Amino acid sequence: MFHQQAQEVTWSRQKEKHVMRLRSCRIRALKRHLLVASCLGSGVSVGMTETAFASDTQLAAAEQRTGKSIIHRPVRSKEHAISSVSEHPKPRRAHTDVNASADETVHVSSVHRSRGGGMMRVETAPYAVQTITKSFIDMRSPTSTALELVRNLPSVNIAVTDTSGLQGGRIQSRSLTDADMALMIDGGPAASAAYMAENVESEDVDSVSMMPGSSPIDLPVTSAAAGILNQSTHDPQHKFGGTMDFAYGTNNLARQFIRLESGDVGNTGARGFVSFAHTRARSWFGGGRNEKIHVDVGVRKDWSNGSYARAFMGWNLEDFVVDRYGTASQFYDFKKTGNSYGRKSEYDPVGNDYWKNNINHWMQLFLTAPMHVVITKHLTLDLRPYYSWGRGWSGEAGGFSSATSGNTYKSGLPVATGTPLTSYFLQDGAFSVGTTAILGYDIDKHNHLELGYWYQKQDYTQHFPTSITNQDGANSSPNDPNYQIYRNGTRVFPGNTAGFEIHSLFFQDTAKYFHDHLLVNAGFKYVMSNVWYIVYPSRRQLGQNLTAPLPHVSVSYHFNEHHQLYVNAEGDFRQPSPSAVANTNIDGTLPKNQYSIREELGYRYNDKNFVVDLDFFNYNITNRLLSTYVGNNQTGVVNAGNQTARGVDLMVSAQPLYGFSPYVSFEYLNATTDTNIAASDVNGNLTAFRSKGKQAPLAPHFMANFGLTYTYKGIFANGALHYTGPQSTTLAGDQRMPGYFTNTLSLGYHFKPVWYAKSPTIRLNFTNLTGAILRTGVVGVGTNASQVRLMNGNLSNTGSGAQFILEPRFTVTGTVSTAF
């Protein structure tokens with residue numbers, strides 16, 4: 001009897017457990033149904049811990065159809081600025097292991113982050129942020145660089161030199177240039193704008209953000225008067241798979257790309273990806289062929305307490321033709337007659353200007369490895385090391401050997417008179433390494449304190465040798481001893497080394513009150529820098545030690561979920577970059593450091609239909625540093641007095657209406673030179689240009705953008721129009737570049753999944769649809785274009801003016817892509 005009762009009790013318990021399991025399954029099924037209904041009904045964002053993870057391509061396609069995107073946790077404060085720039089915020093402490101088999105948790109949010117077809121994002125940072133999201137990136141050509149992607153932001157004027165993704169270009173922002181801007185990848189300093197395409201392929205970029213008036217205190221930068229341009233790289237997916245695309249287009253463009261995802265590696269919490277790209281295209285202006293090979297690698301490891309480690313590596317090897325940048329007269333002659341001043345397509349024995357004698361050969365390696373360590377519930381440690389290294393050379397026509405030059409081969413035999421020569425820019429090593437360490441502590445529920453240390457070292461060593469041009473008009477390697485030029489038994493091998501070493505301490509406190517509606521951030525950064533410049537073969541050395549206090553303060557108030565008001569102010573200094581100093585003819589003193597004070601006042605509004613972002617700004621700049629073009633795609637630097645810039649940025653975008661998502665942005669800028677800049681008259685007397693009070697160079701009063709995105713089922717399209725107003729291009733103000741329009745168009749279709757192809761897509765991308773011949777920027781500001789009256793009443797010498805970048809011709813690129 002007792003045994004029978006025990007069996008009945010056991011059976012009853014088993015039945016109860018079975019019922020509980022059925023209830024649990026029904027609840028979980030109900031959650032899934034609610035999740036699906038939520039997604040279909042309102043297009044809201046969904047995050048899941050153990051369920052299927054969509055690929056970035058699938059998410060981007062969904063974002064294009066709905067105009068909404070996966071939401072990320074809002075940044076806590078300005079100290080988490082890297083999260084506001086990036087789309088990978090620091091994860092908080094998790095309640096279960098990332099690989100645990102616990103019941104899935106579903107997080108549903110109705111906040112819509114991306115608007116205007118991905119041309120704008122809802123921001124909450126206490127300073128201006130302008131972001132391009134993945135949905136917009138995936139509509140553009142895969143050859144697009146970060147510069148082309150941000151071309152329609154209100155604060156920038158972009159000049160690109162090609163449309164094949166093989167080079168970069170130039171940036172103007174609020175009367176400053178990319179030399180005043182910190183260009184970042186995942187928070188690590190990257191290559192200059194002229195070589196933007198060397199760092200990362202567009203398929204491996206999740207977002208591109210501009211912070212035009214701010215350089216958060218915890219970023220490893222000082223020279224950021226024009227703000228930050230940050231690319232956030234692809235986060236490895238949780239499932240095995242990948243994506244691939246093939247592109248063909250104008251100028252014999254052929255490009256192949258493939259990325260493989262490892263997915264989660266067992267129960268380790270680790271995952272990674274590797275991608276490979278090959279691009280080949282003909283020069284659009286003049287003769288020549290360009291080619292590059294690129295590899296990206298990314299890994300991520302997560303721990304159950306919220307700690308994580310990421311790493312990204314980009315490796316690039318390419319050969320491209322060094323463009324010729326024409327003067328105003330050359331441009332007008334080309335526009336009127338069609339006479340190109342580009343590189344010659346065949347051997348040129350007269351001018352020695354064959355494109356094969358003007359090749360840039362370069363290899364670049366870039367690494368970042370940010371880590372976030374949760375030590376306790378209130379204490380965290382962030383380490384953000386980075387490293388970049390590059391080496392290569394470029395050549396250009398170096399004239400012809402003469403009877404009086406004394407040129408000989410290494411063997412001592414004289415070089416025949418009239419032999420064509422090649423001059424080289426030989427970069428023996430462009431080296432940068434650094435790290436930032438940040439200790440964060442939650443003092444109480446209102447205050448978060450950060451203490452940090454930043455170290456960086458840069459060293460650029462280059463030489464300017466001369467060699468004999470090959471008989472077919474091409475240049476050989478400058479390291480080939482059979483072509484090297486000697487004089488008096490010594491190789492012609494002038495050069496220099498320029499660099500700096502930075503130690504910096506910083507701290508900041510972020511306070512939140514009134515249920516986190518009020519955010520106050522205040523911090524201080526103290527920079528200690530040692531700069532050096534050594535000339536070879538004399539080994540003449542210049543250098544300086546300097547310190548700079550850089551205060552930061554910002555206040556943000558959210559009246560409610562729709563309205564935000566913020567104020568931001570900070571100090572910034574820029575020391576001339578080692579590469580610019582190395583290319584400048586230094587006469588005994590290094591250029592003075594540039595200092596600036598910046599203030600911003602901003603207002604944001606967003607609801608389910610519209611996003612509005614309004615930003616007023618003011619800059620006061622001392623010892624303005626301007627870039628000068630010295631040839632071979634290299635720039636020098638000079639001081640150009642003091643400057644004031646003030647204006648307003650406005651961005652507006654909307655949710656889709658009948659499939660159409662509009663975007664509009666506008667900037668008004670009033671930038672003036674505050675000093676009369678030194679100059680010499682025709683007699684050699686030192687005086688100055690009458691530049692005080694005039695419009696500063698590269699500071700157009702007006703810029704405007706319009707974008708319209710259309711999505712319907714699998715169809716997507718985007719058209720964008722940009723306008724830049726007239727601007728001065730010389731210190732004297734006697735040469736101006738007229739206003740201009742640029743345009744782009746994207747058309748495509750997402751097909752339904754077929755076999756292993758999860759997101760088969762075709763798209764066409766057009767640039768410069770009208771085929772306009774126009775100038776969009778300069779490679780260096782000129783002093784004066786003609787003789788001008790100086791402060792002492794005398795005339796100046798005749799100048800050459802600026803050298804201009806042309807908008808590339810009409811192009812069309814067709815792309816076939818899919819995730820798998």
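Leaving aside residues up to four places away in sequence, Val208 touches Gln130, Thr131, Ile132, Ile137, Ala146, Leu149, Val150, Leu229, Asn230 and Gln231, where contact means heavy atoms within 4.5 Å. The model is predicted, so to speak a computed one: local features need pLDDT of at least 70, side-chain atom pairs count only at pLDDT 80 or more, and totals for chains, interfaces and linings use all residues. Residues are numbered from 1 along each chain as its sequence is written, and side-chain values use heavy atoms, with hydrogens and water left out.

Val208 also turns up in the largest nonpolar core, which has 45 residues; together with Leu147, Leu153, Ile171 and Leu229, Val208 touches the most other members. Such a core is a set of buried Ala, Val, Leu, Ile, Met, Phe, Trp, Tyr and Cys residues joined through side-chain atoms within 4.5 Å, buried being under 20% relative accessible area, exposed over 50% and partly exposed in between (1.4 Å probe, protein chains only). The top contributor to this core is strand E32 (residues 610-622), with four residues; strands (E, at least two residues) and helices (H or I, at least four) are DSSP runs numbered from the N terminus.

Next comes an open three-stranded sheet, ordered E6-E7-E8 with antiparallel pairing; two strands pair if DSSP finds at least two bridges between them. E6 (157-160) and E8 (176-177) sit at the edges with a single partner strand each, so one side of each has no neighbour in the sheet. Two bridges link E7 (residues 169-173) to E8, and Ser173 stands opposite Leu176 in E8.

Lys445 lies in the loop between strands E22 (420-442) and E23 (447-463) and counts as exposed because its relative accessibility is 74%.
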